[in-house]
Amino acid sequence: MRVCGKNVFRELDKSKIRKLYISNNFHDKELLDLIKDNHLKYVVTENNIMDKMAKNHQGIIAEIYDYVYGQIEDIKENDNYILMLDHLEDPHNFGAIIRSCEARGIKHIIIPKDRSVLVNETVMKISSGALAHVNIIMVNNLVNAINNLKEKGFFIYAAEADGEDYRHINYADKICLIIGSEGFGLSKLVRKNSDVIVSIPMKGHVNSLNASVSAGILLFGIGD
């Protein structure tokens with residue numbers, strides 16, 4: 001997998017980097033020192049060749065090992081806010097949601113194995129380094145994951161247009177927020193197994209929001 005950009009490189013776990021491509025006119029001393037200090041292999045490359053390898057690379061492209069997903073067991077007793085994505089499909093939304101989670105201090109995002117966006121180059125680029133601080137947990141079945149979280153003391157809040165106004169709910173101490181897919185919202189079984197359906201009140205003519213925008217509003221509007 002290839003990722004690029006200065007901010008992404010700064011936040012990358014340097015042990016995950018296989019090789020670096022550096023533009024022949026790259027002069028960022030801070031990053032050059034990071035490369036040297038971490039004994040990273042790099043190839044000085046013509047800028048026009050790098051343009052063909054990746055867009056907006058800012059003079060640095062990293063080849064990294066494939067992302068290693070976490071497990072439900074990674075969630076510990078002191079984790080009190082989890083995000084679950086119900087078959088989200090757009091990597092730009094996923095990357096933006098990861099950034100919001102990192103800013104909110106949320107350490108874990110749960111995604112399903114099938115029919116869902118995975119961690120790829122676009123997700124890593126859009127997350128702008130936040131992925132290094134958020135654990136993406138992949139599960140075979142979201143309902144089983146919900147039941148597992150309930151056993152750990154989590155209350156399940158799922159977002160849908162016909163739910164209760166999120167501002168008027170008394171929230172539990174341990175929260176799992178679920179955001180549905182862009183085109184279909186929540187799947188039936190996920191909705192059925194949720195404790196409360198929440199919504200964002202709309203005052204304009206638009207009756208829905210982008211998934212990452214909805215997630216951002218609710219992540220900061222729900223909980224302490």
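## Basis of the model

The structure is a predicted model, in which local features need pLDDT of at least 70 and side-chain atom pairs count only at pLDDT 80 or more, whereas totals for chains, interfaces and linings use all residues. Residues are numbered from 1 along each chain as its sequence is written, and side-chain values use heavy atoms, with hydrogens and water left out.

## Overall architecture

The protein contains 8 helices and 10 strands, taken as DSSP runs numbered from the N terminus (helices: H or I, at least four residues; strands: E, at least two). Its C-alpha trace spans about 55 × 40 × 30 Å along the principal axes. Among contacts with a separation of 6 or more, 76% join residues 24 or more positions apart; contact means heavy atoms within 4.5 Å.

Of the 224 residues, 48% count as buried, that is, under 20% relative accessible area, with exposed meaning over 50% and partly exposed lying in between (1.4 Å probe, protein chains only). The protein exposes about 12,100 Å², of which carbon and sulfur atoms supply 47%; the areas come from the Shrake-Rupley method with a 1.4 Å probe.

## Nonpolar cores

A nonpolar core is a set of buried Ala, Val, Leu, Ile, Met, Phe, Trp, Tyr and Cys residues joined through side-chain atoms within 4.5 Å. The largest has 49 residues, of which Phe-94, Ile-109 and Val-198 touch the most other members. Beyond its neighbours within four places in sequence, Phe-94 contacts Leu-85, Leu-88, Ile-109, Ile-111, Val-117, Leu-118, Val-119, Val-123 and Ile-136. A second, separate core of 19 residues includes Ile-110, Ile-137, Phe-154 and Ile-178.

## Val-190 in helix 7

Val-190 belongs to helix 7, residues 188-192, and is buried at 2% relative accessibility. Leaving aside neighbours within four places in sequence, Val-190 contacts Asp-86, Leu-142, Val-143, Ile-146 and Ile-178.

## Aromatic pairs

Rings of Phe, Tyr and Trp (its six-membered ring) pair if their centres lie within 6.5 Å; planes under 30 degrees apart are stacked, over 60 edge-to-face and the rest tilted. There are 3 aromatic pairs by this rule. The rings of Tyr-67 and Tyr-69 form an edge-to-face pair, with centres 5.0 Å apart and planes at 80°. Tyr-69 is partly exposed, at 23% relative accessible area.

Phe-155 and Tyr-157 form a tilted pair, because their ring planes lie at 50°, with centres 5.3 Å apart. Phe-155 is partly exposed at 33%, whereas Tyr-157 is buried at 1%. Together with Tyr-171, Phe-155 and Tyr-157 make up one aromatic cluster.
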